[in-house]
Amino acid sequence: MKRKFSLVMSAAMILSLIAPMTNALAEDIQTPETASTETIVAEAAASGGTTYYVDSTIGDDSNSGTSPETPWKTLDKVTATTFLPGDTILLKSGSIWNDEWLWPKGSGTADAPIKIDKYGGDALPVINGMGIDRGMNYSGAVHLRNQEYWEIRNLEVTNDDDFDVDIDLSRPQGDNSWSSQAETRNGILIIADGDLLNDGDDGIFDHIYIENCYVHDVDGPNDWNDTFTGGIIYNVVGTKIRPNTSFRDIRIAYNTIRKVDLLGITGFVQMAKSGYQDDVDTYNLWMEDIYIGHNYIEDVAQGGIDLCDARNAVVEYNVVDGFLKRYPNFRPTVALYPWKCENSVLQYNEVYNGPSTNADGSPYDMDSALKNVVYQFNYSHNNPCGWMLYMGRNTNDIIRYNISDDGGDFIIKYFLTANATPAYFVNNVIMYDGARTTFMHRDPFKSQTYFYNNVFYNKSTTTTTTWHDTKRYLGNLGSVTFSHNCFYEASGIH
């Protein structure tokens with residue numbers, strides 16, 4: 001009796017943590033205070049730069065653009081200008097630019113980055129790319145290419161030709177090719193293009209910061225299209241591999257991203273050609289020092305955040321509300337996951353409102369070709385497909401201190417390939433309905449996996465936990481060890 005009481009009390013205390021945790025994450029996502037125009041101008045002057053003003057209402061491109069009284073009018077003027085280190089481009093609050101894109105030229109320096117911001121009010125300036133086809137890797141309403149030391153803040157960006165009609169160009173299951181990318185669009189697109197670099201050029205582009213922007217209604221084909229498109233995208237491209245070409249020090253923080261196709265935030269080394277992106281390591285194509293934090297992502301066609309080809313990355317305090325909204329249910333993806341990453345952590349994120357059916361569809365995925373990647377302190381709930389995909393072919397996977405109240409089909413889905421070293425699931429709290437949820441899906445554990453100090457809380461009063469969906473694995477889950485876990489069955493049948 002005493003042991004049963006302890007189990008119930010432990011579960012009750014854990015359940016009481018959920019509501020405060022939601023509130024804490026909501027508080028952490030709040031936008032930081034925006035710097036005043038005077039502060040921005042003073043910083044530009046201190047770094048030796050010039051401040052330029054752009055006003056879509058009273059501006060004139062024949063003006064000097066160097067004061068609020070003599071602003072430029074169009075983004076075309078900004079796009080045609082090469083800026084110098086320390087310069088600042090200020091867009092008038094409430095201005096709207098339709099059928100234009102923003103691609104200022106030039107690069108800053110470590111001591112004097114070039115900045116884009118707003119002035120003259122609280123409303124964000126609006127850049128509406130209107131879904132114009134500018135070419136697959138030039139499709140951002142805001143765009144940088146082979147540029148570095150830029151900071152972009154306080155913009156509203158959209159890229160949709162018809163806000164009332166979603167593109168739907170789905171093809172039969174199993175067809176992942178995409179012969180025409182004419183419908184490819186992005187909100188903010190940052191590109192490192194190896195084809196435009198000479199042999200002696202520095203191909204590592206540093207310090208791209210995107211903060212406090214609102215990116216929404218980026219319409220695209222609701223299908224996998226051999227590239228990563230969506231809200232805020234940073235890709236490394238080229239027709240052939242150019243060694244030492246990539247990004248370093250990317251910060252994407254405090255942005256709101258809503259109704260975009262396909263992804264909320266992602267970057268990918270398209271230049272790498274091998275199946276598991278092994279070329280990234282061979283040719284030093286790593287995206288390094290990536291920070292993605294405090295973003296709110298809602299209603300995305302595919303996934304919220306896809307961390308690829310990254311080393312030394314932190315993904316934290318992001319909220320994903322609704323993913324796989326327009327993506328066909330047989331196209332696999334999840335809300336927040338790493339692939340081909342090293343020395344990275346995903347923490348303090350919240351994911352909810354996933355799809356009801358999907359080949360994957362879980363909030364998280366410890367995908368393949370990972371090394372020293374940690375999931376910790378994340379909270380997921382109301383995701384009908386379950387908790388976590390687990391793919392294998394990794395080194396030193398650690399999944400710890402997470403709370404799942406998903407109640408979905410499976411707790412763990414897949415195990416495709418053996419890992420190089422043991423993996424650890426430690427101190428997680430997993431709540432589920434045993435009448436629906438099965439612990440393991442498809443394959444048994446193919447390499448040593450440890451479950452230590454976890455709480456498995458089955459809320460079903462009628463059905464005890466089923467540990468594998470395949471009968472022949474019910475008595476043998478493979479290379480797995482359970483130790484010092486707490487198992488609670490509301491039915492009383494343990």
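**Figure 1. The side chain of Asp60 makes a polar contact with the side chain of Ser62 in this predicted model.** The two side chains come to 2.7 Å from each other in this contact. Asp60 belongs to the loop that runs between strand S1 (51–54) and helix H4 (75–79), and with a relative accessible area of 36% it is partly exposed, because this value falls between the limits of 20% for buried and 50% for exposed residues. Once its neighbours within four places in sequence are left aside, Asp60 is in contact with Pro71, Trp72 and Lys73. For Lys73, which is 13 residues apart from Asp60 along the chain, the separation between the two C-alpha atoms is 4.7 Å.

Figure 2. Asn235 counts as buried, because its relative accessibility is 1%.

**Figure 3. Strand S16 (residues 287–293) pairs with strand S13 and with strand S19.** Of the 7 residues in S16, 6 are buried, and the strand is therefore described as mostly covered. Strand S13 (residues 245–253) runs parallel to S16, and the two pair over 5 bridges; in this pairing, Ile250 has Ile290 of S16 as its bridge partner. Strand S19 (residues 310–316) also runs parallel to S16, to which it is joined by 6 bridges, and here Met287 has Ala310 of S19 as its bridge partner.

**Figure 4. Phe456 and Trp467 form an edge-to-face aromatic pair.** The model contains 35 aromatic pairs, and in the one shown here the ring centres are 5.7 Å apart, with 75 degrees between the planes. Phe456 lies in strand S35 (residues 455–458), whereas Trp467 lies in the loop between S35 and strand S36 (478–483), so the pair ties together parts that are 11 residues apart in sequence. Phe456 counts as buried, at 0% relative accessibility, while Trp467 is partly exposed, with a relative accessible area of 22%. Both residues belong to a cluster linked by ring pairs, which also includes Trp387, Tyr390, Phe415, Phe425, Phe439, Phe445, Phe451, Phe482 and Phe487.

**Figure 5. Lys105 lies over the face of Trp103, and Arg393 over the ring of Tyr276.** In the view of Trp103, Lys105 is placed at 4.2 Å from the ring centre. In the view of Tyr276, the charged end of Arg393 sits over the ring, at 3.9 Å from its centre.

Conventions:
Residues are numbered from 1 along each chain as its sequence is written. This is a predicted model: local features need pLDDT of at least 70, side-chain atom pairs count only at pLDDT 80 or more; totals for chains, interfaces and linings use all residues. Side-chain values use heavy atoms; hydrogens and water are left out. Buried means under 20% relative accessible area, exposed over 50%, partly exposed in between (1.4 Å probe, protein chains only). Helices (H or I, at least four residues) and strands (E, at least two) are DSSP runs, numbered from the N terminus. Two strands pair if DSSP finds at least two bridges between them. Contact means heavy atoms within 4.5 Å. A polar contact is a pair of N or O atoms within 3.5 Å; within protein, one must be able to donate a hydrogen and the other to accept it, and residues adjacent in sequence count only if both atoms are side-chain atoms. Rings of Phe, Tyr and Trp (its six-membered ring) pair if their centres lie within 6.5 Å; planes under 30 degrees apart count as stacked, over 60 as edge-to-face and the rest as tilted. A charge sits over a ring if NZ of Lys or CZ of Arg is within 6 Å of the ring centre and within 35 degrees of the ring normal.
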